[in-house]
Amino acid sequence: MLVTTQVYLRRDGQTLMLFRNKKEHDLNEGKWIGVGGKKCFGETPYECAVRETYEETHYLIRTARLCGIVTFCDDDYEEMMFIYTSDDFTGEMSDCNEGTLSWIDNDQLLDLPMWEADPHFIKWLDEKKLYSAKAIYHRGSLVNYEERVEVE
């Protein structure tokens with residue numbers, strides 16, 4: 001199973017989003033997602049979130065909050081994604097080789113083209129709970145989504 005992170009940096013009523021439009025053969029092409037990526041050997045999900053955020057944005061996270069864990073299944077593909085949010089970071093944004101970074105007003109996030117399950121866990125960013133979810137896709141379309149609160 002692939003283990004990944006997705007980080008949503010937030011400031012001044014906006015969230016940093018990545019429009020995937022630069023990589024060839026990109027599973028996420030044409031979609032808006034948070035920053036993040038694959039966990040390396042020996043790395044915790046938190047360490048992965050910090051590293052991937054810096055690599056993609058040049059923002060250095062000082063602290064981040066785990067919002068939840070989502071397990072994705074699509075035919076023969078399985079991924080466990082740790083979702084984080086942070087408003088405690090430093091640095092100046094740089095270009096990303098995977099897509100275009102943009103600060104989006106929080107009330108416009110759900111208007112962006114994204115994976116069908118993403119709106120479910122974007123709402124976690126404003127809540128102080130810990131969630132888990134399972135999103136089952138078939139050929140790229142969401143066929144089932146289950147969510148539970150792990151910690152209130």
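**Close-up views of a predicted model**

**View 1. The side chains of E98 and R20 meet in a polar contact of 3.4 Å.** Such a contact pairs N or O atoms within 3.5 Å; within protein, one must be able to donate a hydrogen and the other to accept it, and residues adjacent in sequence count only if both atoms are side-chain atoms. This is a predicted model, where local features need pLDDT of at least 70, side-chain atom pairs count only at pLDDT 80 or more, and totals for chains, interfaces and linings use all residues. Residues are numbered from 1 along each chain as its sequence is written, and side-chain values use heavy atoms, leaving out hydrogens and water. You will find E98 in the loop between β5 (77-90) and β6 (99-105). With 16% relative accessibility, E98 counts as buried (under 20% relative accessible area, 1.4 Å probe, protein chains only).

**View 2. Y59 and F89 are one of the 10 aromatic pairs in the structure.** Rings of Phe, Tyr and Trp (its six-membered ring) pair if their centres lie within 6.5 Å; planes under 30 degrees apart count as stacked, over 60 as edge-to-face and the rest as tilted. Here the arrangement is edge-to-face, with 5.0 Å centre to centre and 65° between the planes. Both Y59 and F89 are buried.

**View 3. W124 and Y131 are stacked, because their ring centres lie 4.9 Å apart with the planes at 0°.** W124 and Y131 are each buried. Ring pairs also link them into a cluster with F72, W115, F121 and Y137.

Notes. Helices (H or I, at least four residues) and strands (E, at least two) are DSSP runs, numbered from the N terminus. Buried means under 20% relative accessible area, exposed over 50%, partly exposed in between (1.4 Å probe, protein chains only).
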